[in-house]
Amino acid sequence: VKTIDDVTKMVFMCGRFKRNYVDKEYGVPFLSGKNIIQIRPSDLKYISLTETSDINDLKLEATWTLITRSGTIGRTCFVWKNYENYAATEHIIRIVPNEEEIDPGCLYAFLSSSYGKQQVLRFRHGSVIDEVTAKQIKKVIIPLPSESEQKEIGDLVRAAYEKLAEAIRLEDEAQKILMDALTNNSAATADI
């Protein structure tokens with residue numbers, strides 16, 4: 001048994017920053033707390049690539065676990081074939097695993113379990129809006145299975161996220177085929 005602090009390189013939240021929203025072609029996708037639990041994020045906004053200071057510090061990387069820290073606390077997401085290089089709000093804590101200590105997928109699996117979530121929720125505080133801090137998340141206790149068990153758990157998590165990414169890709173492909181067929185049929189009907 002160890003703490004999250006023992007098995008991570010970093011647990012952090014970004015500071016507040018001015019958000020300059022722009023059209024898709026001029027920005028980077030920006031995730032809010034509600035977006036991280038959506039299969040296909042809706043109402044996605046884009047923040048400016050040129051007008052956002054330290055934009056690279058806001059970008060997410062593969063193997064990180066994201067956890068909401070205010071409002072609805074404890075929503076989790078694994079960054080794997082989904083949100084790499086997206087930016088995220090300061091209301092999401094980033095958990096960067098130390099892969100020499102724990103399999104990243106295993107870390108995510110625990111934090112997204114009812115055991116992990118209950119430990120996170122025990123730290124909530126606030127008079128109007130519930131919050132937790134990165135410092136508190138570091139204190140969460142995590143059981144450490146053997147390396148082979150961690151890998152088995154992590155492989156299942158990664159496979160699930162890969163299948164989800166493939167399903168989204170196939171759905172997009174099906175939609176394109178349908179729209180192309182409808183457009184071609186509409187054009188053919190108009191010619192008649």
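Arg-69 touches Met-13, Glu-90, His-91, Ile-92, Ile-93, Asp-130, Glu-131 and Val-132, leaving aside residues up to four places away in sequence; contact means heavy atoms within 4.5 Å. This is a predicted model: local features need pLDDT of at least 70, side-chain atom pairs count only at pLDDT 80 or more, and totals for chains, interfaces and linings use all residues. Residues are numbered from 1 along each chain as its sequence is written, and side-chain values use heavy atoms, with hydrogens and water left out.

**Arg-69**
- Arg-69 sits in the loop between β5 (65–68) and β6 (76–78); strands (E, at least two residues) and helices (H or I, at least four) are DSSP runs, numbered from the N terminus.
- Arg-69 is buried, at 9% relative accessible area (buried is under 20%, exposed over 50%, partly exposed in between; 1.4 Å probe, protein chains only).
- A polar atom of the Arg-69 side chain lies 2.9 Å from the backbone oxygen of Glu-90.

**Helix α2**
- At the start of α2, a side-chain oxygen of Asp-103 comes within 2.8 Å of the backbone nitrogen of Gly-105.

**Helix α5**
- Leu-178 belongs to helix α5 (residues 147–191).
- Leu-178 is partly exposed, with a relative accessible area of 43%.

Technical notes: Polar contact = N/O pair within 3.5 Å; in protein donor to acceptor, adjacent residues only side chain to side chain.
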